[in-house]
Amino acid sequence: MDNFTFGITMIIVGMGGTILTLWIMSLIMSLLTKVFPYKKEEEPN
Amino acid sequence: MLDAVINGLSGLGAGFVSLHWSNPIMIVIGCILLYLGIKKDFEPLLLVPIGFGCILVNIPLAGLMEEEGFLRTIYDAGVITELFPLLIFIGIGAMTDFTPLLQNPMTFLLGAAGQFGIFLTLALALILGFSKLDAVSIGIIGACDGPTAIYVASKYAPHLLGAVSVAAYSYMSLVPVFQPPIMKLLTTEKERVIVMSSKGLKPVSKTTKMLFPLVMTVLGGLIAPMGLPLIGTIMLGNLMKESGAVSRLTKASENEIANIVTLFLGISIGATMDGRAFLNPQTLIILALGFLAICLDTVCGVLFGKLMCVMSGGKVNPLIGAAGISAFPMSARVVQKEGLKYNKKNHLLMHAMGANAGGQVGSVMAAAVMLSVLKGMGII
């Protein structure tokens, strides 16, 4: 594989993959914060 | 008898005779690193052992990096095996509070944007004629994350390890110097004064905090398996912290283990800075590219912050985008300081901490994605 193809692939797949993964993570964590909301009882005494 | 005395005396001062021209220069560089660490407080935990290791390895005939030399033994045991950066990651996970990130999960995206400098610099390094794996190791300086940079460089370009590590740690400590001008340049006065209240940030349950490292490990590992050692170790440390069930292990990870490994890691990285191999134009180019990578991270983070500002109808202050890098919590503090500079009542810290924690996760994820893409392309 030539350097040009490699560079472009890394930019597209690398940047795209990173942002896609973290976007999915943000959705999952948003869901989890709704499913397991904070309760007052969790406050340390 | 006389011959024996003369021969014996010739052994004394032999170091001076064997001194290569590059060795004194590297000893001075080692002293500069010590000065930066001790006097200027720039990442002293790393720069002091690195600087001293650099001095040690540039004294000829001691054989510290030769077979069975003590620095070589440490290097082979922990750097070549990638053990040291991974052990440090357990400590980082145990020290990091991801609550601000979980309070506002959209800041994950700022953590992703803050890694774009890695890929842009990688492309630039290729244009400058570096090989593919060398370019990957140079680009990873943009993760602004020492252990990640060391992990990747030691695995795929060990000959660049000294330059890459020194660049990663030195530039990380320069975040308060180079970020503010970039932030100012890329934002308007109107954007900089946008108030982001922390009142809307709700507390996060302990269950969610414990599920985060598990979800991150499983999902991140399935998407980018080549980066699982990085993701897994940082998340193990965080799970131990959040569960509270193994406080002894958590304390050991963030104190004893992290301290011992930092010492060994620093001194063995310094030991790779032998003047004969280190002093060349390539090193200067790597240092310049590393600096560019970290600046590009800030640029991309702020630009993404501007995009979020537009999409949210002006509710997001783009300055927090600058905190989407892995220099935790230094970068968040810079954002807080800059925010206050333009609006005395604007406390951006909690939002910036979210972006900064996102940057921690983002740097690890970016490295994991990069390694997995390389594996997919059959390059590693």
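Student: Which residues does Leu61(B) touch, not counting residues up to four places away in sequence?

Tutor: Please keep in mind that this is a predicted model. Leu61(B) touches Ala14(B), Gly15(B) and Ser18(B), once residues up to four places away in sequence are set aside. Ala14(B) and Leu61(B) are 47 residues apart in sequence, and their C-alpha atoms are 7.9 Å apart in space.

Student: Where is Leu61(B) placed, and is Leu61(B) buried or exposed?

Tutor: Leu61(B) belongs to the loop between helix 4 and helix 5 (70-80) of chain B. Leu61(B) counts as exposed because 12 other C-beta atoms lie within 10 Å, and a residue is called exposed at 12 or fewer.

Student: Which backbone angle of Leu61(B) deserves attention?

Tutor: Phi of Leu61(B) has a positive value, near 70 degrees, and the residue is something other than glycine. Glu68(B) also has a positive phi, about 75 degrees, although it is not a glycine. Glu68(B) is placed in the loop between helix 4 and helix 5 of chain B. Glu68(B) is exposed, since 8 other C-beta atoms lie within 10 Å.

Student: What joins Phe328(B) and Pro329(B)?

Tutor: These two residues, Phe328(B) and Pro329(B), are linked by a cis peptide bond, with omega about -5 degrees. Pro329(B) sits in the loop between helix 19 (281-311) and helix 20 (330-342) of chain B.

Student: How many residues does helix 20 of chain B have, and which of its residues are buried?

Tutor: Helix 20 of chain B has 13 residues; from first C-alpha to last it reaches 19 Å, close to the 18 Å expected at 1.5 Å a residue. The buried residues of helix 20 of chain B are Ser331(B), Ala332(B), Val334(B), Val335(B), Gln336(B), Glu338(B) and Gly339(B). They pack against helix 13 (175-186) and helix 21 of chain B.

Student: How should I read the way in which a helix turns its residues towards its surroundings?

Tutor: The general idea is that an α-helix has 3.6 residues a turn, so residues three or four places apart point the same way. For a case, take helix 3 of chain B, residues 22-38. This helix 3 of chain B has 17 residues and reaches 24 Å from its first C-alpha to its last, close to the 24 Å expected at 1.5 Å a residue. Its buried residues are Asn23(B), Met26(B), Ile29(B), Gly30(B), Leu33(B), Leu36(B) and Gly37(B). Seen down the axis of helix 3 of chain B, the buried residues fall within an arc of 135 degrees, so they line one face of the helix.

Student: What do the buried residues of helix 3 of chain B pack against?

Tutor: The buried residues of helix 3 of chain B pack against helix 4 (44-57), helix 17 (247-270) and helix 18 (275-278) of chain B.

Student: How many residues does the largest nonpolar core have, and which have the most contacts inside it?

Tutor: The largest nonpolar core has 135 residues, and Val164(B) and Ala367(B) have the most contacts inside it. Helix 21 (residues 349-376) of chain B gives the largest share of this core, 16 residues. Leaving out residues up to four places away in sequence, Val164(B) touches Ser137(B), Ile138(B), Ile141(B), Ala149(B), Ala153(B) and Ile286(B).

Student: How may chain B be described as a whole?

Tutor: Chain B has 21 helices and zero strands, and buried residues make up 55% of its 380 residues. Among its contacts between residues at least 6 apart in sequence, 74% join residues at least 24 apart. The C-alpha trace of chain B spans about 90 × 45 × 45 Å along its principal axes. A compact globule of 380 residues would have a radius of gyration near 21 Å, and the 22 Å of chain B agrees with this.

Student: How many helices and strands are there in chain A, and how many of its residues are in contact with chain B?

Tutor: Chain A has one helix and zero strands, and buried residues make up 33% of its 45 residues. In chain A, 29 residues are in contact with 37 residues of chain B. The side of chain A that touches chain B divides into 17 nonpolar, 10 polar and two charged residues.

Student: Which residues does Phe36(A) touch, not counting residues up to four places away in sequence?

Tutor: Phe36(A) touches Ser205(B), Thr207(B) and Thr208(B), with residues up to four places away in sequence not counted. Phe36(A) lies in the segment after helix 1 (3-35) of chain A. Phe36(A) is partly exposed, with 16 other C-beta atoms within 10 Å.

Methods: Residues numbered from 1 in each chain as written. Chains lettered and ligands numbered in written order. Predicted model: local features only at pLDDT ≥ 70, side-chain atom pairs only at ≥ 80, totals over all residues. Contact = placed C-beta atoms within 7 Å. Nonpolar A, V, L, I, M, F, W, Y, C, P; charged D, E, K, R; others polar. Helix = DSSP H or I, 4+ residues; strand = E, 2+ residues; numbered from the N terminus. Buried ≥ 20, exposed ≤ 12 C-beta atoms within 10 Å, placed from the backbone. Expected span 1.5 Å × (residues − 1). Arc of directions from axis to C-beta. Core = buried A, V, L, I, M, F, W, Y, C linked by C-beta atoms within 7 Å. Rg over C-alpha atoms; globule rule 2.2 N^0.38 Å.
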